[in-house]
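Good morning. Please have a look at the model on the screen, and I will then walk through some parts of it.

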There are 2 protein chains.
Amino acid sequence: MGQGVANAVGFAMAAKYASNILNSDECKIIDHKVYCLCGDGDLQEGISYEACSLAGTLGLDNLILIYDSNNITIEGDTSIAWNEDVKARFEAQGWAVSRIDGHNFDEIDIALEEAKNRCKPTLIIADTVIAKGACELEGSHHSHGAPLGEEEIAAAKQKCGFDDKKSFQVDEDVKARFEIAVEKGDLAEAEWSANIRKKISEEQQRLLDQLENPDFDKIEWPKFESNQSIATRESNGKILNAIAKALPGFMGGSADLGPSNKSELKGMGDFPFGRNMHFGIREHAMAAICNAFSLYGLFIPYSATFFIFSDYLKPAARLAALMNLKTYFIWTHDSIGVGEDGPTHQPIEQLSQFRALPNFKVFRPADANENVACWQVALKSDGPAAFVCSRQKLEVLKPDVAFGDPTKGGYLLKERKDAKFTFIASGSEVILALKSACALEKEGIMVNVVSMPCMEIFNAQDDAYKQKVINPSTKRVAIEASSGVEWYRYADVVIGMQSFGASAKADDLFKHFGFTQESICEKVRQL
Amino acid sequence: MGQGVANAVGFAMAAKYASNILNSDECKIIDHKVYCLCGDGDLQEGISYEACSLAGTLGLDNLILIYDSNNITIEGDTSIAWNEDVKARFEAQGWAVSRIDGHNFDEIDIALEEAKNRCKPTLIIADTVIAKGACELEGSHHSHGAPLGEEEIAAAKQKCGFDDKKSFQVDEDVKARFEIAVEKGDLAEAEWSANIRKKISEEQQRLLDQLENPDFDKIEWPKFESNQSIATRESNGKILNAIAKALPGFMGGSADLGPSNKSELKGMGDFPFGRNMHFGIREHAMAAICNAFSLYGLFIPYSATFFIFSDYLKPAARLAALMNLKTYFIWTHDSIGVGEDGPTHQPIEQLSQFRALPNFKVFRPADANENVACWQVALKSDGPAAFVCSRQKLEVLKPDVAFGDPTKGGYLLKERKDAKFTFIASGSEVILALKSACALEKEGIMVNVVSMPCMEIFNAQDDAYKQKVINPSTKRVAIEASSGVEWYRYADVVIGMQSFGASAKADDLFKHFGFTQESICEKVRQL
């Protein structure tokens with residue numbers, strides 16, 4: 001479904017940047033091409049178009065994509081839905097393209113050899129026949145999704161001159177050829193390793209070590225004074241820059257929203273010589289490329305876009321979770337707080353959808369300092385994490401208020417004896433919960449307040465901790481400007497969004513949808 | 001973000017099919033082109049590539065796409081991420097392309113006139129300057145996302161010879177020109193209407209009426225006997241065909257998974273003369289095209305793919321919900337029941353993510369007959385709905401068991417006096433809940449069982465109904481082979497999926513992840 005093609009572009013980009021910072025004329029630590037096999041389905045998917053368009057723009061001469069073109073998809077001949085001139089399309093995108101008979105070994109060899117010496121990415125269109133050698137099903141779409149069956153396999157074996165009684169049979173000459181190939185590979189690797197050991201400079205070795213073993217303790221974390229208001233997208237940008245200063249492998253970019261996402265690494269240059277990547281308006285390819293950066297082994301990548309556009313990259317975020325990749329998603333403009341851009345740009349269900357995704361941490365920090373604390377937790381954990389940040393300014397909480405830490409996902413921000421209620425909130429709604437609690441306290445209604453920047457981590461805590469934080473003898477109220485369907489796990493009442501947002505100033509929207517101190521207090525008094 | 005381009009392709013497809021079935025030589029009821037304006041961001045997005053590739057394949061000569069090419073995106077010049085030859089790319093996809101100065105009115109006129117007489121879709125690349133006329137910001141990416149500001153606007157007005165003191169000023173000659181344009185349009189419409197009234201045949205009129213006012217009472221719904229097992233993807237396929245037989249405007253297709261989704265309308269031919277659309281492996285464009293079919297006013301469209309690939313089309317599904325479009329999503333292979341294809345193909349969080357989406361109904365029927373009942377509810381409602389169907393066979397419940405109906409989203413399938421537990425389930429887990437309840441009953445543990453095919457509808461019921469169905473004095477257990485984060489709203493305990501799935505036979509997976517009668521009973525005994 002195109003993920004692999006975008007991953008291949010990511011591998012080639014990672015190799016390109018790694019070679020630019022690691023190699024010297026004498027010692028080429030990074031010295032390889034990236035090969036990728038793909039099919040019709042990969043190339044019909046939008047993600048592969050996005051990734052290949054970027055690969056052409058960047059002139060990735062280390063990328064070789066082999067397209068198994070058998071003209072067959074599940075519903076029949078590809079021509080029912082796809083008759084474009086793939087060669088011309090890729091050439092228009094800045095690729096070199098060759099076309100070969102995919103069943104002719106000599107042509108394969110020649111095409112691969114030619115591809116190695118080009119200054120552009122190469123597409124090799126290999127014309128093939130699906131189920132080649134199968135008597136009845138050769139060339140048929142019925143061989144796409146279903147097994148050939150015993151009879152057909154036997155007939156195919158006979159046709160090739162094999163013994164159809166034997167299964168998983170490897171002839172001696174085939175085995176020998178493969179053993180030779182393995183030996184050839186081992187030898188090349190040994191040569192490369194020996195050469196590097198001999199010629200690597202101290203400087204190269206130091207950088208390689210830093211890339212392979214990032215030292216998170218070297219990060220000089222920013223501290224934010226409590227006499228100010230600062231959007232978490234803003235504090236998050238400062239944090240990204242602090243991390244990048246300490247870790248040479250920390251890099252990323254935005255899908256053309258850098259200035260809004262605050263995702264630029266200042267003074268660190270542009271890819272392929274610097275660490276700022278311009279992905280274009282291509283969220284899906286961006287996330288898949290970052291997955292590849294993470295898999296490459298030397299980098300900790302991040303991608304950035306508006307939270308609403310996380311929808312465009314969901315499949316790649318899911319694969320990051322499934323593969324347990326250390327990659328970060330910066331998602332700013334995180335609620336109706338987006339304001340005038342209106343409901344097309346205001347996330348409602350996105351927090352729920354990513355909290356429901358296994359092995360994926362969603363951090364929604366309440367203020368700039370919690371933002372820092374969340375990054376400290378995230379970097380020391382395995383797997384992917386998202387930072388869901390506000391467009392609008394948020395008050396920085398006073399240190400004596402923010403006495404908890406988010407290591408366990410959620411913590412008591414305010415605890416009162418004989419509390420009748422517990423408010424649970426994340427992000428921009430934490431300060432609202434806190435102020436509402438203070439107002440109610442003046443009326444004699446005692447309220448505990450919990451900040452829960454990461455529900456996934458809190459879910460994993462034991463019952464004792466959970467009950468310490470969310471006292472089960474209180475009436476529990478979750479407050480979040482999102483669909484909030486997942487809060488019922490901990491809350492009796494959810495004050496969330498029951499509909500899409502609207503287009504107006506952020507303050508007016510928060511008022512309209514009931515996210516004000518007055519509205520919260522009124523609702524709570526009636527419980 | 002490319003949605004509009006894919007919508008335009010959908011409008012042109014809808015117009016093409018409508019003209020094929022409605023027009024006669026004498027009376028062209030459908031007689032228009034589809035015009036779409038787009039920018040760099042639209043064309044960089046994968047969805048627009050998918051849609052335009054399909055438009056080229058289908059040779060949509062009624063589609064004219066005007067590309068405002070100003071070379072500026074938010075992060076700067078487009079060349080930082082995009083240097084492809086757009087003209088050559090579109091030509092490779094089967095489009096005619098012309099290139100004009102987008103500020104030259106004559107060139108615009110000529111290009112539009114030429115486009116009308118082609119037998120392919122047309123792209124007009126209009127080279128423009130962003131913020132044209134603004135003195136300081138002309139051509140700058142700073143004018144993309146931010147207002148020009150008062151000073152800059154005043155200067156621009158002066159440059160054009162306008163009075164910079166006046167706002168929203170329309171000069172008389174401009175007003176006159178626009179009034180003439182409106183009159184010209186009114187006249188053309190009146191002519192077209194008069195012509196149709198005069199020349200429309202009885203047969204044409206009848207079909208037009210059927211398209212404009214679909215009569216759901218004419219559907220001959222299939223009935224499924226209870227002595228069989230049938231996958232809901234299979235029953236759903238029969239239902240689609242039954243609906244299509246009664247409603248000439250009911251049409252759709254799959255993203256190359258027709259045989260697996262059972263989404264083919266048998267004997268109804270292929271688009272553009274028949275009602276089966278082959279979207280290719282392009283989920284995102286498919287969903288956006290169906291949105292346009294719905295907006296066109298004559299059709300009730302459906303799209304189909306595996307449930308896991310709903311991730312690929314999420315942004316278009318969201319817009320269907322936001323625009324309250326009557327469009328249907330067929331999502332088969334709905335859980336770990338997918339089996340051997342493994343965790344990349346097994347939905348976990350997808351039910352949660354679409355249940356969290358406002359104004360979007362997710363139906364997950366328990367058996368073939370509930371599948372019918374759900375369609376009856378869906379067709380009579382506004383807005384989009386998804387049908388989440390099993391790959392594996394499901395027992396058809398006996399009529400005396402299935403005594404409820406899904407009009408209110410969830411209903412009591414089995415009620416016992418003095419019930420200690422209530423099981424709540426959907427889809428393939430309903431029969432499991434039922435069998436587990438029967439087993440526990442033999443041990444003297446009484447259990448109510450609720451089938452909840454559509455949580456969104458149940459959420460909207462009053463408390464009295466909710467408490468009748470889910471007795472609050474029972475211990476409530478939700479059983480669903482999905483992440484299940486949203487079930488805590490009604491359940492004390494959720495038996496769901498805590499991780500991704502795995503690759504094995506469906507039965508082995510259900511056993512491994514605890515979805516067997518033995519495992520459910522054991523867990524419940526310990527509550």
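I start with a pair of strands. In chain A, strand β1 and strand β2 (residues 63–69) run parallel and are joined by 5 bridges. Helices and strands here are DSSP runs, numbered from the N terminus: a helix is H or I with at least four residues, a strand is E with at least two. Two strands pair if DSSP finds at least two bridges between them. One bridge links Cys38(A) to its partner Tyr67(A) in β2(A).

Before going on, a word on the source. This is a predicted model, in which local features need pLDDT of at least 70 and side-chain atom pairs count only at pLDDT 80 or more, while totals for chains, interfaces and linings use all residues. Residues are numbered from 1 along each chain as its sequence is written, and chains are lettered from A and ligands numbered from 1 in the order in which they are written.

Back to the strands. β1(A) and β2(A) belong to an open sheet of 4 strands with parallel pairing, in the order β1-β2-β6-β5. Which strands are at the edges? They are β1 (34–38) and β5 (96–101) of chain A, each pairing on one side only. From one strand to the next, the twist averages 20°. In general, strands of a sheet pair through backbone hydrogen bonds, either parallel or antiparallel.

Two helices lie across this sheet. Helix α1 (residues 3–22) of chain A lies across β1 and β2 of chain A, at about 175° to β1(A). Helix α5 (residues 105–115) of chain A lies across β2, β5 and β6 (122–127) of chain A, at about 170° to β5(A). For these angles, axes are lines fitted to C-alpha atoms, for helices over the stretch in contact, and the angles run from 0 to 180 degrees between N-to-C directions. Contact means that the C-beta atoms of two residues, placed from the backbone, lie within 7 Å.

Next, a sheet in chain B. Here 6 strands form an open sheet with parallel pairing, in the order β9-β8-β10-β11-β13-β12. β9 (276–278) and β12 (361–363) of chain B stand at the edges with a single partner strand each, so one side of each has no neighbour in the sheet. Neighbouring strands are turned by 20° against each other on average, direction ignored. Within this sheet, 5 bridges join β8 (residues 250–254) of chain B to β10 (residues 300–306) of chain B, and the two run parallel. Ser254(B) stands opposite Ala304(B) in β10(B). Helix α10 (residues 232–246) of chain B lies across β8, β10, β11 (328–332) and β13 (385–389) of chain B, at about 140° to β13(B).

Now the domains. Chain A is divided into domain 1 (3–186), domain 2 (216–395) and domain 3 (409–525), with bounds from an automatic or database domain assignment. Between domain 2 and domain 3 of chain A, the C-alpha centres lie 24 Å apart. In this pair, 29 residues of domain 2 of chain A are in contact with 27 residues of domain 3 of chain A.

A helix pair in chain A comes next. Helix α3 (residues 46–58) and helix α12 (residues 283–296) of chain A pack at about 75°, with axes 8 Å apart. That makes α3(A) and α12(A) roughly perpendicular; the word covers 65 to 115 degrees, while under 35 is roughly parallel, over 145 roughly antiparallel and the rest oblique. On the α3(A) side, the residues in contact include Glu50(A) and Leu54(A), and on the α12(A) side they include His284(A) and Ile289(A).

Last, the two chains together. How many residues of chain A are in contact with chain B? There are 61, and they meet 61 residues of chain B. α3(A) gives the most to the side of chain A that touches chain B, with 8 residues. By class, that side has 24 nonpolar, 21 polar and 16 charged residues. Ala, Val, Leu, Ile, Met, Phe, Trp, Tyr, Cys and Pro count as nonpolar, Asp, Glu, Lys and Arg as charged, and the others, Gly among them, as polar.

How are the copies related? Chain A can be laid on chain B with an RMSD of 0.0 Å by a turn of 180° and a shift of 0.0 Å along the axis, which is the relation of a two-fold axis. In chain A, the C-alpha nearest the axis belongs to Gly46(A), 1.8 Å from it. The superposition is by least squares on the C-alpha atoms of residues with pLDDT of at least 70 in both copies.
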